[in-house]
Amino acid sequence: MSAADRRVLAGTMVGTTIEWYDFFIFAQAAGLVFATLYFGPLEGESEGLAQLVAWATIGISFFFRPLGAVIAGRLGDRIGRKAMLVFTLVMMGSATALIGLLPTYAQIGVWAPILLMLLRILQGFSAGGEWGGAALMAVEHAPVNKRGFWGAYPQIGVPVGMILATAVLFLLRSSMSAEAFLAWGWRIPFLLSVVLIVVGYFIRSAVAESPVFKRMIDRKRDTATPLRSLLKTNKKQVILAAVIFIGNNAAGYLVIAFLSSYAQKSLGMPAAPVLLATLLASFGWLIFTLYGGILSDRIGRVRTFQIGYALIFVWMIPMFMMIDTRNIWAYGIAIFILTIGLGLSYGPMSAMYAEMFPANVRYSGIGIGYALGAILGGAFAPLIAQALLGSTGWSGSIGLYIMALCVISFIGATLAKETKGAPLEADEASATNALHS
């Protein structure tokens, strides 16, 4: 692998790492501090309402992901993948850093939750444009027989971001009191995002533009209205892309947001060991996501998705049974095993989605499909999980909810035709042959 190849893979991974670092620390803060600091007055109206609203702040940003995907997709399909990757990276990191400086409800009143939600919306808008560009930069640079492997690099940004965020939170929770963390310590992970922005900017600036996009522009094949063209010719692929992602995103947000808060608040487990267990599980997510991409190059994208969703389905109820023992070892093992299915149903996504769409609408297509899947899957998964737990008193009801979504996504993957090896430039045989060489 050449130095240029390594720059491509690092550039695609660094942005999604920062994106998911930002999302993870927000999700953790929503579970641990936002209810008290920004929505406290709601608790007087109804017990648990403040926490439900805090969970809802995670979901609100997802509704702006499609808008980010549309705008970034339109520009990315016309002016290039690289420019949009740098733009979305800076926007995401800036919003996160500003959350770390945001006054609380006690300091500025109702403007505090309003500004929090506005910054969260900005995060969602940025995330909507981020993933599609990163996925395409990886897959469109890749040799045809290694698209799954290369495409897994932006995917492992999720567990890498979780590792960074959890490590920071673990150090903070281990080194300060709960009172100090609530008062000011929670802000530190948000402010550290500035460092990641600087590093990510320089890495991404050194990455070459996608060769598929450059050849498309050389042949004057840019689309003036990629969204209109996409919805006219590739609506089915957009719907399938969204459906395929639902189960993975919902199950993933249990790990990212809900389970840590559930273990600490509902089961009374100590914060530091829970965060350490989550940290170790993140390494499993990283390994199995990378392996999921590699496996899809061998047995196909669809079969890999099917295996991943089957594993998540059968593990849901046993997982909650283990977690409810309140044993930290059982908790760690339970979520680590979950990451096997998560990785296998996430690693092949970049390659499969890129192979589903023609080059001139590809950025728009995969970005919108991914964003819609995130809305239907993870946007309100923590909120729904909390509501199910409150109404049934049985954690297994959350497992049944995720199992139902996995069935939907399994069917979506089954209905999608196998894309492994599909030419990324179907109208040009020489480009296909070049990718095979």
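Modeller: Axes here are lines fitted to C-alpha atoms, for helices over the stretch in contact, and angles run from 0 to 180 degrees between N-to-C directions. The model under discussion is a predicted one.

Colleague: How is H1 oriented relative to H9: roughly parallel, roughly perpendicular or oblique?

Modeller: The axes of helix H1 (residues 3-32) and helix H9 (residues 157-175) come within 7 Å and cross at roughly 45°. Angles under 35 degrees would count as roughly parallel and those from 65 to 115 as roughly perpendicular, so H1 is, relative to H9, oblique.

Colleague: Which hand does the crossing of H1 and H9 have?

Modeller: The contact involves several residues of each helix, including Trp-20 and Phe-24 of H1 and Leu-164 and Val-168 of H9. The crossing in which H1 passes H9 is right-handed.

Colleague: Is Arg-187 buried or exposed?

Modeller: Arg-187 lies in helix H11 (residues 187-191), and its contacts beyond four places in sequence include Tyr-38, Ile-99 and Gln-107. Its relative accessible area is 15%, and since the cut-off for burial is under 20%, Arg-187 is buried.

Colleague: Which backbone oxygen does the side chain of Arg-187 reach?

Modeller: Leu-101, Leu-102 and Pro-103 are among the residues in contact with Arg-187. The side chain of Arg-187 comes to 2.7 Å from a backbone oxygen, that of Leu-102.

Notes. Residues numbered from 1 in each chain as written. Predicted model: local features only at pLDDT ≥ 70, side-chain atom pairs only at ≥ 80, totals over all residues. Heavy atoms only, no water. Helix = DSSP H or I, 4+ residues; strand = E, 2+ residues; numbered from the N terminus. Buried < 20%, exposed > 50% of the residue type's maximum accessible area, 1.4 Å probe, protein only. Contact = heavy atoms within 4.5 Å. Polar contact = N/O pair within 3.5 Å; in protein donor to acceptor, adjacent residues only side chain to side chain. Parallel < 35°, antiparallel > 145°, perpendicular 65-115°, else oblique. Left-handed = near helix turned anticlockwise from the far one by under 90°.
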